[in-house]
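Please open the structure in a viewer and keep the selection panel at hand.

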Amino acid sequence: MTAFPVVRLEQVSVRYQVGSESVLGLDGATIDIAPGSSMSVVGRSGSGKSTLVSVMSLLRRPTSGKVLVDGHDVMAMSDAHLARLRARSVGTVFQSYHLDDAFSAMDNVMTPWYFGSPLTRRQARDRAASLLELLGMADLTRRRPSEMSGGQRQRVAIARALFSGPRLLLADEPTGNLDEATAGVIADVLFSLPSQMGTAVVVVTHDHQVSARAERRTRLVRGNLSEESAEALPSEHGLGRAAGATSDV
Amino acid sequence: MYRWRWLRLLCLAAQNTARSKLKFVLLATLVAVGALVFLSVNELARASEDNLSEAIDADLGTAGTYRVTPSSGLEADRSGLLEAIQAGISTYANESLQAALTLPPLQPDCPPYEQIGEVHLVVILDQSGEFATFDRGAGVRTEADLCLAGMVIPQSAIRTASPREKVLFGTSFVLDPAYARAAGLTSAVPAGLVVIVKTGKVEDQTDAIRESLIASLTDFALRSGIPKEGVVVVSRADSGEAVRAASSGIKLVYSLIGWGVLLVSGLGLLVAELIVLRDRTWFFGLTRALGARRQDVAWLVLCDIALVLVVGFGLAVLLALATEGAVSQFGEAAFQVDLQILQPSMLPGLLAAFLSMLCLAGGYPAWRATRLDPLEVLERR
């Protein structure tokens, strides 16, 4: 039996209005994300990275084309069905963490539980605790995000995205606000997920060093998504993070 | 779907409430004051209406009361006549008949009554037309014997009519049946029968009752040689429509005040919730991004308001319990009524008030929350 791609985009285009101007965010993007794989997407600001993330995280319906999640066409789905799929199949790590300062790390990780997890409250707490432990945050479960460093917040955000056991984890600029050492740690965490949990990981980043660690590397240029060969990228040991940033941003 | 989803959302709403405890306490107090005023005003309305109705009924007769006076020329015994009247009004009456024998007006001839002019006496009858037991305590007793046509009726045999009897039978005195025959002999005019019919309906049914009675008394009329149109006179024994309308108006005003206070509280809650919605826009957007459905977000908003309402109404009930004695004393002293703010009969009103406020304060914010675009909300932050 052939496993469905976790997400398949077929000729996906997204057009939206910015004031009176019509902007083409994605232009015929086509890609398959295999289960347990890792992929990176690099591109300049305004190249359509955020639009791609919003489509893959099921927060935006494309103007045309097809989006299949676990073989299901999301274009025909109701809003409620889409929400269920979003809760179950896709975990998203946002660039600015989007953690609630009123809640502890544990409560932040448990947030998806309120909207349709089959776990009991106790099981949910255990799962949140084990995810935080996996990400090296076992001692900080009761701490609030405002009392944490950027790297710690990002790990809480990753734990929350993994809470429902999604088949795909999307990370939008996960290292954008972090120093180099912390960025490395976060990248370690993210790219270990396919082997550790079987979760496919898509990382959207400016950082070529982070991007280079993915099995597949893609580039977005004015809404066009294309596969990059390994040779086309700066070497993993060559250009550093800063060099990657200057070449791409 | 997963069970107890709504309970989870209620827990989340409770957690959200903890973000602003002061706001929660203030809103719950606002609701408590509104609910307490609503309960108090409703109770005042009830007490006033009851007292007014009682007073109006006593002084002006119960609404829908008719006086039936069969012709004195009818050749029939009292019980037969009453039976025929009962048959004639059976479709209209909602209470059993009251009847009395009206004696012809008599002129007292001994002091001090010779000064008062004619005296109208009635003898109360029971359902079958027999003399009813004389209830000496029902009215004020006279202080001296009444001398009627040379015969003395002792003061123990006569009492003043109650206000209701005055209205119904148009008399000032009620006579002990033991003296009825003797009193009847004092005049050549025969005693008459008065029957009181109560329909319980405010609208005028005089003509309909009259028609029906004419039909049932036709045989008596034929036998007595009386034209059937003259066999009976039906007149209203109630009055005071204007006072009754004013009484209803007072209740309406009370009701408007009660609901008005709730409306103001509800609007206050609505404004507060709209501010909360603005503050929590990001949170609702995040929950949508994490898999919440539109109705989940609506539930969160409604739970937020429901928590305020439950605590507010609970507080109102506690306050009402705590001040029960004082309110009762106040009602007695100020209005001579027994005020009881908390009564089982208030429950439907309280539930209606709760749901009205939930809809008023929660409907629009909940709808707006479901319209939020999570993507836009998260990008804006």
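Two residues are in contact if their C-beta atoms, placed from the backbone, lie within 7 Å. The coordinates shown are those of a predicted model.

With that criterion in mind, select Val202(A). Leaving aside residues up to four places away in sequence, Val202(A) touches Ile33(A), Met39(A), Val41(A), Met56(A), Leu168(A) and Leu170(A).

Now extend the selection to the nonpolar core. The largest such core has 113 residues, and Val202(A) is listed with Val109(A) and Ala159(A) as having the most contacts inside it. Its largest share, 13 residues, is contributed by α9(B). A second, separate core comprises 46 residues, including Ile85(B), Ala93(B), Ala99(B) and Ala180(B). In soluble globular proteins, nonpolar side chains tend to be buried together.

Next, display the strands of chain A. Six of them form an open sheet with mixed pairing, in the order β6-β7-β8-β3-β9-β10.

Select residues 38-43 and 216-221 of chain A. These are strands β3 and β9, which pair in the parallel sense over 5 bridges. Which residue of β9(A) is the bridge partner of Gly43(A)? The partner is Leu220(A).

Helix α6 (residues 180-197) of chain A lies across β3, β7 and β8 (200-205) of chain A, and α6 runs at about 160° to β8(A).

Of the 381 residues in chain B, 34% are buried. Among contacts in chain B with a separation of 6 or more, 76% are between residues 24 or more positions apart.

Finally, select the contact between the chains, which takes 21 residues from chain B and 22 residues from chain A. On the side of chain B that touches chain A, the elements giving two or more residues are α1 (5-17), α8 (281-289), α9 (294-322) and α12 (374-380) of chain B. Colouring the residues of that side by type shows 12 nonpolar, 2 polar and 7 charged.

Methods. Residues are numbered from 1 along each chain as its sequence is written. Chains are lettered from A and ligands numbered from 1 in the order in which they are written. This is a predicted model: local features need pLDDT of at least 70, side-chain atom pairs count only at pLDDT 80 or more; totals for chains, interfaces and linings use all residues. Two strands pair if DSSP finds at least two bridges between them. Helices (H or I, at least four residues) and strands (E, at least two) are DSSP runs, numbered from the N terminus. Axes are lines fitted to C-alpha atoms, for helices over the stretch in contact, and angles run from 0 to 180 degrees between N-to-C directions. A residue is buried if 20 or more other C-beta atoms lie within 10 Å of its own, exposed if 12 or fewer, and partly exposed in between; C-beta atoms are placed from the backbone. Ala, Val, Leu, Ile, Met, Phe, Trp, Tyr, Cys and Pro count as nonpolar, Asp, Glu, Lys and Arg as charged, and the others, Gly among them, as polar. A nonpolar core is a set of buried Ala, Val, Leu, Ile, Met, Phe, Trp, Tyr and Cys residues joined through C-beta atoms within 7 Å.
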